[in-house]
Amino acid sequence: LVVDDNFLVYYNERLEGVNSTALSVARAKVSDVIQAMKKDQVYQFTKYNNGSWTENAFTGTGSNIIPGFEPPFDFHSDATYCKPFGKYLITVQTHGLNKLFLYQSTDGVNWGERITLDSIPGYSQPYSSFVGFDSEASDDCFTVGSAFYIYINRKRTSNYDFDEMYYRKVTIK
């Protein structure tokens, strides 16, 4: 996401030898990243940890930002800003718990108000995507308008090569 003048990047925080320990966020100023790119350099992002942005993105530790987090939760998902709603939206899939959740935030860091988008035994829902088609949506769907879709890729946990595609239509009134 782009929040204020920062890129926010969401990721699965991992410690050596441990599966996902948190769903976390890192940030960098958009202008700093672009300047570094023009010089063929990489700009250093910082992780959010305990209320501050001081942790090195490669070597530091990030705090969990998703309420109700359990280790199978996963950020193989998508995020967007919904203009008419005035909130950021992010999806979280849960692997073996067979659910896809939607969370809302006013700042892209503090998430709450969880809604279950999809729940079916024997499936995980990685790679969900926000897609907007109305005039309020941006071409890249980093912003959606008052009518948009959340595309859901269901994968069988017994045969991960098998996929089914579904969608949920969302209308903000």
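Predicted model: local features only at pLDDT ≥ 70, side-chain atom pairs only at ≥ 80, totals over all residues.
Five strands, described as an open sheet of 5 strands, follow the order β9-β8-β7-β6-β12, with mixed pairing. At the edges stand β9 (112-119) and β12 (143-144); each has a single partner strand, so one side of each is left without a neighbour in the sheet. Strands β8 and β9 run antiparallel and are joined by 5 bridges. For Gln104, the bridge partner in β9 is Gly112.

Next, the charged pairs. How many salt bridges does the structure hold? The number is 6. One of them joins Asp118 to Arg154, with the closest N and O atoms 2.5 Å apart. This pair links distant parts of the chain, since Asp118 is in strand β9 and Arg154 in strand β13, 36 residues apart. Both Asp118 and Arg154 are buried.

Asp118 has a further salt bridge, to Arg168, where the closest N and O atoms are 3.8 Å apart. Arg168 lies in strand β14 (residues 163-171) and Asp118 in strand β9, so this pair ties together parts that are 50 residues apart in sequence. Is each of these two residues buried or exposed? Asp118 counts as buried because its relative accessibility is 3%, whereas Arg168, at 39%, counts as partly exposed. Together, Asp118, Arg154 and Arg168 are linked in a network of salt bridges.

Finally, consider Asp163. Its side chain meets that of Lys155 in a salt bridge of 2.9 Å, N to O. Lys155 is buried, at 9% relative accessibility, while Asp163 is partly exposed, with a relative accessible area of 36%. The side chain of Asp163 also makes a polar contact with the side chain of Asn153, at 3.0 Å. Asn153 lies in strand β13 (residues 147-156) and counts as buried at 7% relative accessibility. Beyond four places in sequence, Asn153 touches Ser124, Gln125, Pro126, Tyr127, Asp163, Glu164 and Met165.

Technical notes. Residues numbered from 1 in each chain as written. Heavy atoms only, no water. Helix = DSSP H or I, 4+ residues; strand = E, 2+ residues; numbered from the N terminus. Buried < 20%, exposed > 50% of the residue type's maximum accessible area, 1.4 Å probe, protein only. Polar contact = N/O pair within 3.5 Å; in protein donor to acceptor, adjacent residues only side chain to side chain. Contact = heavy atoms within 4.5 Å. Pairing = 2+ DSSP bridges. Salt bridge = Lys/Arg side-chain N within 4 Å of Asp/Glu carboxyl O.
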